[in-house]
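Please keep the sequence and the model in view while reading.

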Amino acid sequence: MAKRKRYLFVCVNERPVGSPKGSCATRGAVEIHAALKAEIAMRKLAVTEVRACTSSCHDVCWAGPSILVSPDNVVYGRVTLDDVPEIVDALAEGRFVERLVLPPEDFEQSTARPGLPEHAPAKAPAAGSGAKP
Ligand code: FES
């Protein structure tokens with residue numbers, strides 16, 4: 001496999017809904033990661049341009065879902081499913097989605113803007129369980 005130009009690390013850390021910091025998984029990060037992978041594959045960018053990976057906590061939980069764009073060290077926050085096409089457009093054009101880039105105050109919970117609402121994350125069926133998706 002070729003080294004990609006960029007890697008998207010999507011935090012999928014999960015805490016119970018209503019925990020003080022919140023978490024990316026309870027704000028839709030698992031679904032966002034899946035949508036990013038699908039969008040990247042559909043545009044045939046997966047082999048050489050970009051790979052979407054899951055990661056643990058980036059310590060900006062209150063501003064999640066967060067995505068670390070590597071090697072640029074840019075952190076997107078409050079990402080929604082609706083943002084996925086725009087994120088991939090920007091990657092293809094070699095730019096960032098500026099409105100999603102977290103400003104310095106969002107790296108401290110005490111100064112961060114309000115977070116997105118939380119909900120219980122969707123669970124993938126266990127392998128071999130016979131459960132329907
Ligand atoms: S839970 Fe995602 S940044 Fe902490």
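In which loop is R78 found? The residue belongs to the loop between β4 and α2. Since the model is a predicted one, what follows describes computed features of that prediction.

R78 has a relative accessibility of 12% and therefore counts as buried, the limit for that class being under 20%. Its surroundings are drawn from several parts of the chain: setting aside residues up to four places away in sequence, R78 touches A63, G64, P65, D83, L100, L102, D106, A112, R113, P114, G115 and L116. With one of these, D106, the side chain of R78 makes a polar contact with the side chain at 2.9 Å. The side chain of D106 also makes a polar contact with the side chain of R113, at 2.5 Å. R113 is found in the segment after α2, and its relative accessible area of 41% makes it partly exposed. Beyond its neighbours within four places in sequence, R113 is in contact with R78, L102, P103 and D106.

Four strands form an open sheet in the order β2-β1-β3-β4, and their pairing is mixed. The edges are held by β2 (50-55) and β4 (74-76); each has a single partner strand, so one side of each lacks a neighbour in the sheet. From one strand to the next, the twist averages 25°. In general, the strands of a sheet pair through backbone hydrogen bonds, in either a parallel or an antiparallel manner. Here β1 and β3 (residues 67-70) pair in the antiparallel sense over four bridges. V10 has I67 of β3 opposite it.

Two helices lie across these strands. Helix α1 (residues 29-42) lies across β1, β2 and β3 and runs at about 165° to β2. Helix α2 (residues 84-92) lies across β1, β2, β3 and β4, with an angle of about 155° to β1.

The segment before β1 (6-11) contains R4. Is R4 buried or exposed? R4 is buried, yet it has no salt bridge; E49, the nearest side chain of opposite charge, is 9.4 Å away. The side chain of R4 instead reaches the backbone oxygen of A46 at 2.8 Å. Apart from neighbours within four places in sequence, the contacts of R4 are A46, V47, T48, E49, V50 and R51.

The loops hold several backbone features. As background, most residues other than glycine have a negative phi, and most peptide bonds are trans. In the loop between β2 and β3 lies P65, which is joined to G64 by a cis peptide bond with omega of about 0°. D59 lies in the loop between β2 and β3 as well, and its phi is positive, near 65°, although the residue is not a glycine. D59 is partly exposed, with a relative accessible area of 44%.

The loop between β3 and β4 holds P71, and the peptide bond from S70 to P71 is cis, with omega near 10°. N73 has its place in the loop between β3 and β4 too, and has a positive phi of about 60° without being a glycine. The relative accessible area of N73 is 61%, so the residue is exposed.

Charged side chains provide a further set of links, and a search of the whole structure finds 10 salt bridges. One of them joins the side chains of D72 and R6, at 2.6 Å from N to O. D72 is partly exposed, at a relative accessible area of 29%.

A salt bridge also joins the side chains of E86 and R99, with an N to O distance of 2.7 Å. E86 lies in helix α2 and R99 in the segment after α2, so this pair ties together parts 13 residues apart in sequence. E86 is partly exposed, with a relative accessible area of 31%, whereas R99 is exposed, at 52%. E93 forms a salt bridge with R95, the closest N and O atoms being 2.7 Å apart. Finally, a network of salt bridges links E39, R43 and D89.

Methods:
Residues are numbered from 1 along each chain as its sequence is written. This is a predicted model: local features need pLDDT of at least 70, side-chain atom pairs count only at pLDDT 80 or more; totals for chains, interfaces and linings use all residues. Side-chain values use heavy atoms; hydrogens and water are left out. Buried means under 20% relative accessible area, exposed over 50%, partly exposed in between (1.4 Å probe, protein chains only). Lys and Arg count as positive and Asp and Glu as negative; His and the chain ends are not counted. A salt bridge is a side-chain nitrogen of Lys or Arg within 4 Å of a carboxyl oxygen of Asp or Glu. A polar contact is a pair of N or O atoms within 3.5 Å; within protein, one must be able to donate a hydrogen and the other to accept it, and residues adjacent in sequence count only if both atoms are side-chain atoms. Contact means heavy atoms within 4.5 Å. Two strands pair if DSSP finds at least two bridges between them. Axes are lines fitted to C-alpha atoms, for helices over the stretch in contact, and angles run from 0 to 180 degrees between N-to-C directions.
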